[in-house]
Amino acid sequence: MEIEIALLERAVEELGENYPLDLKSNPLLQNKLDLLKNKLKLYSESCYNEPQKKIVKKMITRFRSIVSAIIEQQRAELHQFRTKDKFDDDIIRQVENRLDLEEEGLQGELD
């Protein structure tokens, strides 16, 4: 968990120090920073606190479950586009790859 905390700290610093104007004008970057800060807070508070660590692990498990369900719904929607002629298979594959990467990223959440 110490590695995760160090990486999160570095990411928060990087965004804050090198992209302050982007953070003000880009809600996607703002959301990313908020996510990083929330993870950092949760991980830091639970690093040496076993009861808190169990709570955080449950939160992460639930998070994975919900995001996986969302990705599956997106996949189902994407497959509807395969039957429509006006959508290029290469574009559909690119979106499918993005969904695969999102799913893969979930596995990287703290175990």
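Helices (H or I, at least four residues) and strands (E, at least two) are DSSP runs, numbered from the N terminus.

The model is a predicted one, in which local features need pLDDT of at least 70 and side-chain atom pairs count only at pLDDT 80 or more, while totals for chains, interfaces and linings use all residues. Residues are numbered from 1 along each chain as its sequence is written, and side-chain values use heavy atoms, with hydrogens and water left out.

Let us begin with the overall form. The radius of gyration, taken over C-alpha atoms, is compared with a globule rule of 2.2 Å times the number of residues to the power 0.38. A compact globule of 111 residues would come near 13 Å, but this protein chain has 18 Å. Its C-alpha trace spans about 55 × 35 × 20 Å along the principal axes.

I turn now to helix packing. Axes are lines fitted to C-alpha atoms, for helices over the stretch in contact (heavy atoms within 4.5 Å). Angles run from 0 to 180 degrees between N-to-C directions.

How far apart are the axes of helix α3 and helix α4? Helix α3 (residues 27-46) and helix α4 (residues 50-82) have axes 8 Å apart and pack at an angle of about 145 degrees. Among the residues making this contact are Leu42 and Tyr43 of α3, and Val56 and Met59 of α4.

Helix α4 also packs with helix α5 (residues 89-107), at an angle of about 170 degrees and with the axes 10 Å apart. The two helices, α4 and α5, are therefore roughly antiparallel to each other, a term for angles over 145 degrees. Their contact includes Phe63 and Arg64 of α4, together with Asp89 and Ile92 of α5.

Key
Angles under 35 degrees count as roughly parallel, over 145 as roughly antiparallel, 65 to 115 as roughly perpendicular and the rest as oblique.
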